[in-house]
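Here are a few exercises to work through with the model open beside you. Try each task before you read its solution.

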Amino acid sequence: MNKIPASSRGENLANLQNGSKSEVLPVDKVDNPLASTGTLHLPQTFTGGLMIAALGVVFGDIGTSPLYAMKAVFTTNNGMISVSEHSVYGILSVITWSVMIVVSLKYLSFVMRADNEGEGGILALTALIRHHSSGRLSKAVTIIGIMGAALFFGDSMITPAMSVMSAVEGLDLVYPQARSIVVPISIVILLALFSIQRFGTGKVGRLFGPVMLAWFVLLAILGIPYIVQYPSVLQALLPTYALSFAIDNPFFAFAALGACVLVITGAEALYADMGHFGRKPISMAWALVVLPALVLNYFGQGALLLHDQAALESPFFYLVPDVLRIPVVIIATLATVIASQAVISGAYSVTAQALNLGFLPRMRVLHTSKEASGQIYIPAMNLTLLVGVMVLILLFQSSDNLAHAYGLAVTATEILTTTLFLICARVLWKWPLYKIVPLGIVVVGLELLYFSATLPKIPTGGWLPIMIATVFIAIMADWVWGQRRVRQIRQELGISMSALVAKLRTEDIRRVHGQAIYLHQNRGMVPLSLKENIRFNQSVHEQVLLLRVNVLNVPHVRHAERISVKRIGAEQDGVFDVTIDIGFNDNPNIPHNLRLCSKDADLGFVFDEKHARYFVSLLGYRRADPSSLWHKIITKLFVILSRNASSRVETFGLPRHHTVVIGGVIHL
């Protein structure tokens, strides 16, 4: 029976007939795929509740920028930009059109349409283009994707540290003596934040969503009275004020961009978090709630500054009546803590995509929703982010010290994302140049200006995201190199399945009672564990199953449809190729799934759980001599990464007393 193409499984899954899938393959026709089959995306149903949840997860970072963005602009470089009608209107116009171009135009109108089976983020875009390209273009796209992912991981560490400390430091307005306990309180809050991640972004979003909805309503309410009192400030909605400010004061305008970048931090998280909630809830939340609230608050702050320059000390909190300041500080503290959630959940999505692309060692990925495939939790990445954030807090001690590191990673990632999108539009969608060039000039031009404005911050803190990104780039590049090298060596040293079957027929290899199940990735070659077993024992079991587990992007696969059995060679050879297709919410336990296809009379296949033995390859790596210092370093790093990858025995629930781990050594 033919396999159903991955692209059509969603519409055909419910119509499949009962019974296991089976097919007889001649020995010389066994294929040799290195990657799993495509995944299936089931579209999510849009609800108001999903939009509220998206507010709590996706928009926390960009939604808390009004707390510090306007102050940062007018205090940059020791207050080199004076408060005047010309400068305030110019800055408000820059903020408005930066948000409109980067978020509304770039991400929501264009980039978020380039989803990969419902998933967003720079690596999802990378995978999409790689699937339709080859050669130099594929390599270039891979390099861009790795760099973008590494920069996003850097932002995922800086943002929680920055936002939480700025939240706690806000208590100084009410309790000045709280400054001495900022670091301990920040650490406690972050420990609590990371500890609840295991409950899933859906539940976290339902917890944070109402708080963020109240926050955005508060932003709008605080800004409206000053706009009503000074309506002339609305003239800054025109882009001409931004252009006039830049032309009249090019040096000041360039310096201001280094602070204005704070208004678009968190924009990349919209795309990375798309798999958690879907494009429609995110778009609706932005258009109906987030954008109006941000614009109203920024313009309210601008109107306030024009008529009370003393408010420059803290423009946001000067919008608040004295009697309400304590409640607003509390809500603002909660909102800035929630801001960390956008990049944390985005980091999970990017990590999962890196795993699927083979950029990172195997990790345990837990799906926390029965409906939304993108809602995941990765314990190893959660711990990595937590440790990184704690180190940053202890190292920098305050949000002011971290401020110079904020923005460079964001703008660099956004430039790389835009580059990939333009490649996607040209290569995949076949857009003509007259569409691509204007979009590239507007978006890339603005993002290059922002990126250039953050470069002067490198000596005073901008080095931090570069350092973090460099570490992740080294890890991903080394893992890609190591995996490619291992496949190459195994291909050179291995034997094909056709050669093995011929060997079983012609050589004196004893067949012992029972069933041997070998986990493998390369269906065209003999697994190392099988090859070594034959070499050591000169025997093989009566039935040999070459098995792989393929996780589809659907919640469940019906029990009767999970198993594909293909006979390799003749019936007397007793060799079968078995694929287990499961949904992301299904049990990956191999014995459990094999029971679903305990017998196939046509092929002579019987799953003998009592006598089945499982064989797993465990490779050790050594340097090939002679080797250079550089080769020693990258080999050592790959060995460390390999040793810390998750165990397949635990991942697939193999019974330890029936499982044999056979080692081998490869000289890299």
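This is a predicted model: local features need pLDDT of at least 70, side-chain atom pairs count only at pLDDT 80 or more; totals for chains, interfaces and linings use all residues.

Residues are numbered from 1 along each chain as its sequence is written, and side-chain values use heavy atoms, with hydrogens and water left out.

**Exercise 1. Describe the protein as a whole.**

Step 1: Count the secondary structure, where helices (H or I, at least four residues) and strands (E, at least two) are DSSP runs numbered from the N terminus. The protein has 26 helices and 11 strands.

Step 2: Turn to burial. Of its 668 residues, 56% count as buried.

Step 3: Compute the accessible surface by the Shrake-Rupley method with a 1.4 Å probe; for residues, only the protein chains shown count as cover. The total is about 28,000 Å², and 61% of that belongs to carbon and sulfur atoms.

**Exercise 2. Find the salt bridges and classify their residues.**

Step 1: Apply the criterion, a side-chain nitrogen of Lys or Arg within 4 Å of a carboxyl oxygen of Asp or Glu.

Step 2: Take Glu447 and Lys106, whose side chains meet at 2.6 Å, N to O. Glu447 belongs to helix H20 (residues 433–454) and Lys106 to helix H5 (residues 85–110), so this pair ties together parts 341 residues apart in sequence. Glu447 is buried, at 2% relative accessible area, and Lys106 is buried too, at 3%.

Step 3: Continue with Arg595 and Glu609, which meet at 2.9 Å, N to O. Arg595 sits in the loop between helix H24 (590–594) and strand S8 (599–600), and Glu609 in the loop between strands S9 (605–606) and S10 (612–622), so the pair ties together parts 14 residues apart in sequence. Arg595 is partly exposed because its relative accessible area is 40%; Glu609 is partly exposed at 35%.

Step 4: Finish with Asp322 and Arg325, at 3.3 Å, N to O. Here Asp322 is exposed, with 63% relative accessible area.

**Exercise 3. Is His658 buried or exposed, and which residues does His658 touch?**

Step 1: Locate His658 in the loop between helix H26 (648–651) and strand S11 (659–667).

Step 2: Check the accessibility. His658 counts as buried because its value is 18%.

Step 3: List contacts, meaning heavy atoms within 4.5 Å. Not counting residues up to four places away in sequence, His658 touches Glu609, Lys610, Ala612, Arg613 and Tyr614.

**Exercise 4. Identify the largest nonpolar core.**

Step 1: Join buried Ala, Val, Leu, Ile, Met, Phe, Trp, Tyr and Cys residues through side-chain atoms within 4.5 Å. The largest core has 159 residues, and Phe59, Trp215, Phe216 and Trp286 have the most contacts inside it.

Step 2: Ask which element contributes most. Helix H7 (residues 135–169) supplies the largest share of this core, 15 residues.

Step 3: Look for a separate core. A second one, of 19 residues, includes Ile582, Ile590, Phe652 and Leu654.

Definitions and conventions. Buried means under 20% relative accessible area, exposed over 50%, partly exposed in between (1.4 Å probe, protein chains only).
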